[in-house]
Amino acid sequence: MENNENINKLKQIFLKEDSLNNNGLFNIDEIKKELLNYYSSLTIYHPDIIIIFSKEAEIISADNKKIHSLLGKTINNADDLKELLFGENYQIMEDAFTQTLNGKSEKYNIEIKDINDKSLYLALTFIPIINEGEVEGIYMIVADVTDKALLKQQLILRENHLNYAQQIAEIGSWEYLIDEDKLFCSENFYNIFGLDPQNFISMDAPFLLVHPDDEEEAYKKVREAIMYGKSYTNQFRILHGMTNELKYIKVHAEVFFEEHKPYKIIGVIKDETYQIQLENQLVEQNESYKSIYNNLSSGIWMREVIGGKFLFASKGLEKILDIPLSKLYEDSKVWFSMIHPDNLQELENGKKKLASGKSFQTIYKLISGSGKTKWLLEEVVPRLNEAGEVTNIFGLVTDVTQEMEFKEKLNYLSNFDALTGLPNQKSLFERMDALCVNDDPFAIFYLDLDRFNIINDSLGHSIGDEALQFIAKRFEKLIPSNDYLARLSSNDFIMIIKNYKNKKDVYHLAKKIIRKVSEPFTIDDYELNVSTSIGITFFPEEGREKQTLLKNAHTALYQAKKEGKNNYQLSSHLADISSYKKYVLDRDMRKAIANEEFDLYFQPQVETKKGALCGAEALIRWNHKEWGLVSPGEFIPLAEENHMINTITDWVIQKVCRLLVEWREKELPIIPIAINIPPIRFMKKGFLQFVKGQLDRYQIDPAYLEFEITEGTLLNIEKGVYATIQSLKELGIRIAVDDFGTGYASLASIRKFKPNTIKIDKLFICNINKEDNFDNGIISATLHLAKTLEMNVVAEGVEEFDQLNFLKQNKCDIIQGYLFSKPVKVEEFEKILKTGYLKPEKINVKSTPAERRKFLRFEFPFPILGQLTIVELNERKLQVGQTPVLIKNIGMDGLNIQSNLKLPINMNIKFHISFILLNEKFEVNGELKWANEEYTNIFSYGVSIKSDQSTDGRLSSVINKLNTLRKNDEQIPDTEFVYEDVYTYLGKNM
């Protein structure tokens with residue numbers, strides 16, 4: 001009953017005043033009081049902020065609790081409000097206040113900053129308070145619409161960006177050759193920029209049209225591509241070369257590498273002017289969206305719910321989907337049925353995002369109504385109500401088939417070789433990086449087609465290209481399945497072999513490739529014969545990083561080339577003793593100078609008539625901690641490969657200069673010192689300045705230095721090298737041609753070069769007075785030529801009196817050789833300097849060290865084949881491959897072996913030797929006890945062996961059988977004898 005009275009009371013209060021008076025149920029004053037309470041309640045409990053103003057703009061009432069919660073501050077008077085709503089916003093409020101005082105309600109949206117400088121978007125509603133026809137005050141309702149405003153901005157921004165990004169414009173392609181600064185462009189490229197078409201232009205030409213504000217960033221992208229190989233996408237403005245019209249250009253470029261550096265850039269440009277202009281129009285003309293959408297090549301659509309009926313579909317969808325719009329309106333699922341099965345799951349995932357109120361973007365493939373395969377870029381945005389429920393979804397779809405095809409083409413060109421279709425260097429590097437991370441073992445084949453340039457030079461590059469394609473296909477047939485083949489550059493290929501059981505399988509494959517590639521084939525009626533050399537390295541034992549592996553494989557390839565081509569070589573420093581020694585020397589070479597392991601020896605040069613000392617040649621030696629005294633013939637070729645040769649050469653020059661100063665201070669006679677200078681040192685900049693610096697530093701007369709260059713250097717002498725040598729001669733340094741007669745220098749080059757000295761090679765000296773007088777004639781002619789050209793002549797390698805007498809008779813100036821002195825250390829050479837002359841002495845014939853074995857030895861009629869390897873070094877176990885040696889004799893406690901390897905007599909090195917006697921295989925460990933150089937570069941070693949009791953018993957029995965066979969003058973069976981000359985056999989098998 002009470003509730004009904006309250007309801008009636010509420011109804012009566014809000015009736016018109018006349019009705020109240022006629023009713024007579026309530027007192028008018030009470031009604032006004034109640035009405036005031038109700039309006040006060042509305043002000044307090046309204047979710048938005050309500051501020052009541054007097055008509056004089058005085059704040060009568062304001063809920064500062066709500067105000068503080070929203071703004072972080074309170075509003076107590078008009079000044080507070082003016083401070084908050086400064087500038088344009090305050091003017092809006094004043095205008096609205098004025099209009100409301102005239103009895104009109106007003107509504108405005110404004111943006112302000114709270115105390116944290118964060119933007120707030122507010123909806124202000126002004127309502128007049130009217131009493132008896134007069135405005136007595138104003139309600140201002142303040143609603144926070146920040147979330148809605150930001151959402152609206154995001155939707156507009158996304159819509160604009162999508163529209164901008166997906167418009168299809170004209171496309172121009174280009175290719176830039178970096179080193180040549182040549183830019184080759186398609187016809188439409190010139191049209192877009194407004195340039196006159198040419199065969200090619202420089203990169204600067206299009207940049208002349210770039211808008212000044214965009215020029216720096218555009219140049220930066222290109223510079224980074226050229227210098228660092230960075231592919232890029234960029235957008236800039238240009239002023240059209242013919243019309244001066246402002247255009248918007250988008251460019252995408254990919255960088256291609258050759259020999260590990262960028263060599264060209266391929267890219268496409270798009271004229272996006274239309275898209276940019278359209279975006280601006282859409283922002284300015286919101287009311288004409290539908291008309292614009294129907295004229296776009298992109299498709300715009302709206303559905304009522306996810307998967308629901310189409311409310312709107314632009315005409316662009318007809319062309320994109322190749323179906324009439326009416327079919328979309330009739331069957332909303334027809335579009336989904338066209339999507340390629342590979343992309344269905346991605347679209348289903350997108351629907352889930354939409355259901356959760358999120359937009360999504362995707363690229364997918366479909367089969368259009370006409371049967372064409374197309375790529376579409378689509379972005380879908382949901383519209384949510386206040387409850388967060390999806391009420392509509394909007395979509396923008398663009399046909400990006402052309403862009404995807406361009407992208408696929410660029411991707412192909414970026415990762416595959418255009419000629420052979422094989423993966424290129426970029427793809428190879430990526431594959432190797434991935435394999436190195438996985439840590440699974442694999443082998444690298446570095447293949448190079450031998451003398452392939454002959455085909456290009458003689459038959460032309462067209463046939464050469466076809467030959468490369470044919471060989472590439474042959475390689476593809478030979479490589480095991482799931483393994484990898486790439487073309488690195490020119491006629492170099494890389495194979496990555498993963499599926500092998502052991503390394504023998506790898507070697508077998510290499511032999512098969514070499515054999516198959518050498519089979520002749522025909523191109524344009526030309527029968528071609530091509531061979532290949534292969535360098536092999538293994539991951540992870542020979543390198544864990546791609547550059548190391550490729551370097552090792554290339555080093556092995558280089559060795560295969562040196563071995564005569566059409567073979568394979570291993571990069572492993574553990575392949576055999578020779579490889580291991582080279583590895584150790586190469587590894588330790590950089591530390592040798594710092595550790596003072598290099599030393600200089602001097603071989604005197606004397607006048608032929610009286611033996612007076614007139615000069616010396618400085619010869620470097622290396623006292624290696626493990627391999628003993630290492631000759632230049634062993635480490636100088638390594639130094640040339642690892643580029644240490646320049647550092648070593650400079651060290652020799654500096655050392656000689658320092659010794660000349662020491663001899664001067666000791667008041668010893670100063671004589672010219674000859675130093676070997678490799679060709680590569682002349683080619684490196686700064687050599688002349690370095691020599692001048694040493695002469696100035698040590699105050700040395702240049703006449704005391706003579707630089708020897710090999711005759712082969714004259715053949716390939718370059719202008720820069722020639723100028724350096726001439727400058728050295730002008731400086732006062734003497735120049736000598738070493739090994740004269742063994743190279744290919746012409747008389748014309750000698751005439752131009754004009755050396756001070758010619759050194760006749762030992763090869764001719766050692767044949768003096770032999771039955772064949774050919775070498776005598778060469779020497780006589782050389783001496784006569786040198787005298788005519790006023791050059792000194794030094795005869796190298798003089799070891800016999802007959803050679804000396806012949807050279808005296810033919811008036812040779814200077815003698816250098818063992819007949820007078822071998823190369824000696826500094827201390828011994830200083831004694832020779834004091835004496836000032838040398839007498840020729842007969843050379844003692846090298847003798848084999850006295851036999852020290854307790855047991856009798858058995859001398860083989862011919863050497864037998866053995867295999868030698870190192871098993872321990874400085875108490876560290878090694879696994880080095882086997883090296884063939886020849887065994888001359890054998891006893892119970894030792895062997896006498898021959899090898900062309902120079903091995904150290906080092907008790908810390910343990911060897912392992914295997915051999916077969918009478919069909920029994922023996923494997924023993926041993927140490928080298930003595931060494932003797934029997935012939936040039938042929939060494940004989942005494943080996944002390946150790947074996948177990950069982951092996952001793954078998955060896956004793958076999959030796960007894962051998963003695964019995966010899967006593968009975970019977971042949972020794974089942975034993976691998978070597979009947980070839982020791983030089984020939986060891987040279988062929990090492």
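Visitor: How many bridges join strand β16 to strand β21, and which way do they run?
Guide: There are 8 bridges between β16 (residues 442-449) and β21 (residues 532-539), and the two strands run antiparallel. Bear in mind that this is a predicted model.

Visitor: Which residue is the bridge partner of Phe445 in β21?
Guide: Ile536 is the partner of Phe445 there.

Visitor: What sheet do they belong to?
Guide: An open one, with 5 strands in the order β17-β18-β16-β21-β22. Its pairing is mixed.

Visitor: Which strands stand at the edges?
Guide: β17 (484-489) and β22 (568-570) do. Each has a single partner strand, so one side of each has no neighbour in the sheet.

Visitor: And how are neighbouring strands of this sheet turned against each other?
Guide: By 20° on average, direction ignored.

Visitor: Which strands does helix α21 lie across?
Guide: Helix α21 (residues 503-517) lies across β16, β18 (492-497), β21 and β22. It runs at about 160° to β21.

Visitor: New topic. What is the order of the open sheet with β11 in it?
Guide: It goes β12-β11-β15-β14-β13, which makes 5 strands. The pairing here is antiparallel.

Visitor: What about its edge strands?
Guide: They are β12 (310-313) and β13 (360-367). Each of them pairs on one side only.

Visitor: And the twist?
Guide: It averages 25° from one strand to the next.

Visitor: Over how many bridges do β11 and β15 pair?
Guide: Over 5 bridges, in the antiparallel sense. β11 covers residues 299-303 and β15 covers residues 390-399. Within this pair, Met302 stands opposite Phe394 in β15.

Visitor: Which elements have the lowest and the highest mean pLDDT?
Guide: Helix α2 (residues 17-23) has the lowest, at 49. Strand β26 (residues 673-676) has the highest, at 96.

Visitor: Where does pLDDT stay under 50?
Guide: Residues 16-20 are one such stretch, with 5 contacts beyond four places in sequence. Residues 159-169 are another, with 37 such contacts in the model. Where pLDDT is low, predicted coordinates should not be read in detail.

Notes
Residues are numbered from 1 along each chain as its sequence is written. This is a predicted model: local features need pLDDT of at least 70, side-chain atom pairs count only at pLDDT 80 or more; totals for chains, interfaces and linings use all residues. Side-chain values use heavy atoms; hydrogens and water are left out. Two strands pair if DSSP finds at least two bridges between them. Helices (H or I, at least four residues) and strands (E, at least two) are DSSP runs, numbered from the N terminus. Axes are lines fitted to C-alpha atoms, for helices over the stretch in contact, and angles run from 0 to 180 degrees between N-to-C directions. pLDDT is the predictor's confidence in each residue, from 0 to 100. Contact means heavy atoms within 4.5 Å.
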